[in-house]
Each structure stands twice: as C-alpha cells, then as structure tokens.
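I wanted to keep a notebook on one structure, going through it residue by residue and then as a whole. These are my entries, in the order in which I looked things up.

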Amino acid sequence: MAWIILIAAGLLEVVWATALKHTEGFTRFWPSALAVSTAALSFVLLSWAMKNLPIGTAYAVWVGIGAVGVAVAGIVALGESASPQRFAFLALILVGIIGLKAVEG
C-alpha cells in the first residue's frame, strides 16, 4: 500500500509543478490554488508512504516520478523539446525508479 500512496504522491507532484507554470508568480488564482493544494496533498501522501518505506527510496522515487512526469507534460502539453537525447535521459530516471522498487521489495 505504501508504494501505491507514493506513486499517487508523485503523480500529484506532476500536477502541482505543471500548475505552478501557469500561476504567473502566484498572480492567477485558480492555477495558484491548484498548485498549492496539490503540493500539500502530495507532501502528505509522501509522508504517509515514508512510514513504511526508507526515506531515501521514497524521496528518490517521488522526485523521479515528478521529474519524468513534468518533463513528459511539458513535451505533450507545452510543446517542449522531444529530442531522442531527452527521452534517453528520462528513461534512465525510470530505470532508477524501477531499480529502487526492485531492491526495496
């Protein structure tokens, strides 16, 4: 169950970071409200997952899911670069996430 909570926390990190892009320095209410509320929920879920997972593993996986998710969201929704090199490095992050899950059990 801790892994499911951790994945949900990572996905919420994608939401808040993407919303943060649209806040324009917290001058736009709805994107700001979405960013702050999903960030808070993401942190809460991360802390719950850390009850049963090592801090280093949990934090690395949370950040990895967020980093890959935000990069993909930027490519898909914001027209950011979709170069093969970028995808290769994102794949390396995914390998790290999967590796941490595999050794943690």
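**Entry on Ala82**

I began with Ala82, which I found in the loop between α3 and α4 (84-104); helices here are DSSP runs of H or I with at least four residues, strands are runs of E with at least two, and both are numbered from the N terminus. Before going on I noted that this is a predicted model, in which local features need pLDDT of at least 70 and side-chain atom pairs count only at pLDDT 80 or more, while totals for chains, interfaces and linings use all residues. I also noted that residues are numbered from 1 along each chain as its sequence is written, and that side-chain values use heavy atoms, with hydrogens and water left out.

Is Ala82 buried or exposed, or something in between? Its relative accessibility is 44%, so I wrote it down as partly exposed; buried means under 20% relative accessible area, exposed means over 50%, and partly exposed is what lies in between, with a 1.4 Å probe and protein chains only. Setting aside neighbours within four places in sequence, I found Ala82 in contact with Ile75 and Phe87, where contact means heavy atoms within 4.5 Å. I then looked up the separation of Ala82 and Ala58, which are 24 residues apart in sequence and 28 Å apart in space, C-alpha to C-alpha.

**Entry on helix α3**

Next I turned to α3, which has 24 residues and reaches 32 Å from its first C-alpha to its last, close to the 34 Å expected at 1.5 Å a residue; the expected span is 1.5 Å times one less than the number of residues in the helix. After α3 comes Gly79, and its phi is positive, near 70°.

Within this helix, which covers residues 55-78, I looked up Ala73. Not counting residues up to four places away in sequence, Ala73 touches Thr18 and Leu78. Ala73 and Gly56 are 17 residues apart in sequence, and their C-alpha atoms are 25 Å apart in space.

Thr57 also has its place in α3. With a relative accessible area of 10%, Thr57 is buried, and, leaving aside neighbours within four places in sequence, I found it in contact with Trp3, Leu100 and Glu104.

**Entry on the aromatic rings**

How many aromatic pairs does the structure hold? I noted 3 of them, where rings of Phe, Tyr and Trp (its six-membered ring) pair if their centres lie within 6.5 Å, and where planes under 30 degrees apart count as stacked, over 60 as edge-to-face and the rest as tilted. One of these pairs is formed by Phe29 and Trp30, which are edge-to-face at 4.7 Å centre to centre with 80° between the planes. Phe29 counts as exposed at 57% relative accessibility, and Trp30 counts as exposed at 67%.

I then looked at Phe43 and Trp62, whose ring centres are 5.4 Å apart and whose planes stand at 50°, so this pair is tilted. Because Phe43 lies in helix α2 (residues 29-49) and Trp62 in helix α3, the pair ties together parts that are 19 residues apart in sequence. Phe43 is partly exposed, with a relative accessible area of 47%, whereas Trp62 is buried, at 4%. Ring pairs also link Phe43, Tyr59 and Trp62 into a cluster.

**Entry on the loop between α1 and α2**

My next entry is on Glu24, placed in the loop between α1 (2-21) and α2. Its phi is near 50°, a positive value in a residue other than glycine. I noted for comparison that most residues other than glycine have a negative phi. With a relative accessible area of 53%, Glu24 is exposed. Phe26 is placed in the loop between α1 and α2, and has a positive phi of about 60° although it is not a glycine.

**Entry on the whole protein**

Last, I looked up the protein as a whole, which has 4 helices and 0 strands and follows the pattern α-α-α-α along the sequence. Its C-alpha atoms fill a box of roughly 40 × 35 × 15 Å, taken along the principal axes. Of its 105 residues, 34% count as buried. Among contacts between residues at least 6 apart in sequence, 64% join residues at least 24 apart.
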